[in-house]
Amino acid sequence: QVQLVESGGGLVQPGGSLRLSCAASGSILSIRSMGWYRQAPGKQRELVATMPSRGSANYADSVKGRFTISRDYVKNMVYLQMNGLKPEDTADYYCKAWGVNTLVGSNDYWGQGTQVTVSS
């Protein structure tokens with residue numbers, strides 16, 4: 001069984017930084033892509049950034065130049081370095097893995113989420 005577990009959320013002042021981590025565990029053979037979504041209170045979940053195994057990272061316009069996504073392909077982890085945080089970045093952040101290949105097939109998976117609050 002595949003699980004995604006996020007960590008690194010918390011409370012930070014405007015202009016501060018946080019680094020989110022997401023670890024995928026289980027009998028994983030490969031992962032096509034990993035990324036981050038976020039959902040603010042009363043709003044729809046939105047894509048923040050993705051990092052495919054082949055190709056370059058993609059970012060939402062609202063985070064370009066401030067957030068950086070990276071992956072550790074050996075450890076099956078994805079990170080989101082968030083700099084210059086703004087109050088509007090406050091949300092629950094979710095890790096997602098697309099095309100997770102195991103011996104029984106391929107599926108997409110979500111993490112349980114980690115809360116990020118940007119406030120003075």
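## Terms and model

A residue counts as buried when its relative accessible area is under 20%, as exposed when that area is over 50%, and as partly exposed in between, with a 1.4 Å probe and protein chains only. The model is predicted, so local features need pLDDT of at least 70 and side-chain atom pairs count only at pLDDT 80 or more, whereas totals for chains, interfaces and linings use all residues. Residues are numbered from 1 along each chain as its sequence is written, and side-chain values use heavy atoms, with hydrogens and water left out.

Strands here, like helices, are DSSP runs numbered from the N terminus (E, at least two residues, for strands; H or I, at least four, for helices).

Two strands are taken as paired if DSSP finds at least two bridges between them. Strand S2 (residues 10-12) runs parallel to S11 and is joined to S11 by 3 bridges; Gly-10 has Val-116 as its bridge partner in S11. Strand S9 (residues 91-102) pairs with S11 in the antiparallel sense, also over 3 bridges, and here Asp-92 is bridged to Gln-115.

## Aromatic pairs

Rings of Phe, Tyr and Trp (the six-membered ring of Trp) pair if their centres lie within 6.5 Å, and the planes count as stacked under 30 degrees apart, edge-to-face over 60 and tilted for the rest. The whole structure holds 3 aromatic pairs by this search. One of them joins Tyr-37 and Trp-98 in a tilted arrangement, 6.2 Å centre to centre with 40° between the planes. This pair links distant parts of the chain, since Tyr-37 lies in strand S4 (residues 30-39) and Trp-98 in strand S9, 61 residues apart. Tyr-37 counts as buried because its relative accessibility is 17%, and Trp-98 counts as buried at 14%.

Why is the pair of Tyr-94 and Trp-110 edge-to-face? The ring centres of Tyr-94 and Trp-110 are 6.4 Å apart and their planes stand at 85°, so the pair falls in that class. Because Tyr-94 lies in strand S9 and Trp-110 in strand S10 (residues 105-110), the pair ties together parts that are 16 residues apart in sequence. Tyr-94 is buried at 13% relative accessibility, whereas Trp-110, at 37%, is partly exposed. Ring pairs link Tyr-37, Tyr-94, Trp-98 and Trp-110 into a cluster.

## Charges over rings

A charge sits over a ring if NZ of Lys or CZ of Arg is within 6 Å of the ring centre and within 35 degrees of the ring normal. Arg-45 lies over the face of Tyr-94, 3.8 Å from the ring centre, and the charged end of Arg-19 sits over the ring of Tyr-79, at 4.1 Å from its centre.
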